[in-house]
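Please look over the sequence and the structure shown below, and then read the notes that follow, which are grouped by topic.

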Amino acid sequence: MPSSTKILRLLRKDILLELRQQYALYGILLYAASTVFVLYMAMGKPESETWNGLFWMIQLFICVNAVAKSFLQDAHGRMLYFYNIAGPVDFILSKLVYNFLLMLAMSLCSLLLFFLLLGAPLQRPWLFLGIACLGGTSLSLVFTLLAAIASKARQQAALLAILGFPLIIPQIILLVRLSRDAFGEVFRAGAVWKITALLLGLDGMIVLLSIILFPFLWKD
């Protein structure tokens with residue numbers, strides 16, 4: 001069976017499992033909506049710098065809640081079954097694609113909530129939309145790899161937070177700097193493309209590390 005077919009079938013399995021356990025997805029949406037609503041009640045419509053920082057902070061915590069369960073829901077017996085029908089590279093790639101799609105949807109939902117409740121102090125909304133999708137992709141890739149590592153430990157959620165937050169700080173800083181151009185009147189095309197290329201390079205490195213390292217975790 002070709003690797004692409006295995007990846008698509010594993011991806012279909014994760015999507016069907018998510019649809020059957022809708023309480024988890026609704027819980028994440030409720031978390032995002034309640035957080036944005038509390039910010040609206042406390043701050044009203046904040047200034048652009050505050051709006052930008054709050055958006056990426058909420059994106060970070062949404063990603064932790066959304067991606068952490070991707071390996072938690074696979075019991076040991078189920079992992080043995082996957083070990084027999086698929087390879088480690090196919091499995092981790094399917095997880096990366098699934099979490100990318102999940103975070104893409106969560107990014108769009110949280111951005112819509114921000115627009116509705118906290119206003120949209122943006123000069124270039126379409127630019128920020130693209131940056132939000134890129135940021136959701138970057139966060140999902142990092143935390144998917146960390147969730148795979150943490151799945152081999154007992155305190156999985158705690159280990160994910162301990163490993164994740166120090167590693168994600170450089171990407172958050174880059175995303176905050178990149179998204180500032182969507183608020184300002186001056187568009188710095190050179191700086192935008194430079195930071196975007198750096199983020200894409202980091203994303204490619206994460207995918208490569210996942211392909212290299214996950215087979216060693218798979219054997220355990």
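This is a predicted model: local features need pLDDT of at least 70, side-chain atom pairs count only at pLDDT 80 or more; totals for chains, interfaces and linings use all residues.

**Aromatic pairs**

- The structure holds 10 aromatic pairs, where rings of Phe, Tyr and Trp (for Trp, its six-membered ring) pair if their centres lie within 6.5 Å, and where planes under 30 degrees apart count as stacked, those over 60 as edge-to-face and the rest as tilted.
- Trp51 and Phe55 form one of these pairs, and this pair is stacked, with 6.0 Å from centre to centre and 5 degrees between the planes.
- Both Trp51 and Phe55 lie in helix H3 (residues 48-72), where they are 4 residues apart, about one turn of the helix; helices here are DSSP runs of H or I with at least four residues, strands are runs of E with at least two, and both are numbered from the N terminus.
- Trp51 is buried, and Phe55 is buried as well, where buried means under 20% relative accessible area, exposed means over 50%, and partly exposed lies in between (1.4 Å probe, protein chains only).
- Phe91 and Phe214 also form a stacked aromatic pair, with 5.8 Å from centre to centre and 15 degrees between the planes.
- This pair links distant parts of the chain, since Phe91 is in helix H5 (residues 88-118) and Phe214 is in helix H8 (residues 189-219), 123 residues apart.
- Phe91 and Phe214 are both buried.
- Ring pairs also link Trp51, Phe55, Trp56, Phe114, Phe115 and Phe128 into a cluster.

- Residues are numbered from 1 along each chain as its sequence is written, and side-chain values use heavy atoms, with hydrogens and water left out.
- The mean pLDDT of the chain is 81, and 89% of its residues reach 70 or more, where pLDDT is the predictor's confidence in each residue, from 0 to 100.
- Confidence in the chain is lowest in helix H4 (residues 76-85), with a mean of 68, and highest in H5, with a mean of 88.

**Overall fold**

- Of the 220 residues in the chain, 44% are buried.

**Salt bridges**

- A search of the whole structure finds 3 salt bridges, a salt bridge being a side-chain nitrogen of Lys or Arg within 4 Å of a carboxyl oxygen of Asp or Glu.
- The side chains of Lys13 and Asp14 meet in one of them, at 2.7 Å from N to O; Lys13 counts as partly exposed because its relative accessibility is 21%, whereas Asp14 is buried, with a relative accessible area of 1%.
- Lys95 forms a salt bridge with Asp14 too, and the closest N and O atoms are 3.4 Å apart.
- Lys95 lies in helix H5 and Asp14 in helix H1 (residues 3-20), so this pair ties together parts that are 81 residues apart in sequence.
- Glu49 forms a salt bridge with Arg180, with the closest N and O atoms 3.9 Å apart.
- Glu49 lies in helix H3 and Arg180 in the loop between helix H7 (156-179) and H8, so this pair ties together parts that are 131 residues apart in sequence.
- Arg180 is partly exposed, with a relative accessible area of 41%.
- Salt bridges that share partners join Lys13, Asp14 and Lys95 into one network.

**Nonpolar core**

- The largest nonpolar core has 60 residues, of which Trp51, Phe55, Phe114, Phe128, Phe143, Leu160 and Phe214 touch the most other members; such a core is a set of buried Ala, Val, Leu, Ile, Met, Phe, Trp, Tyr and Cys residues joined through side-chain atoms within 4.5 Å.
- H1, helix H2 (22-43), H3, H5, helix H6 (125-150), H7 and H8 each supply at least two residues of this core, and the largest share, 13 residues, comes from H3.

**A contact across the sequence**

- Val176 has its place in helix H7 and is buried, with a relative accessible area of 19%.
- Val176 and Trp56 are 120 residues apart in sequence, and 7.3 Å apart in space from C-alpha to C-alpha.
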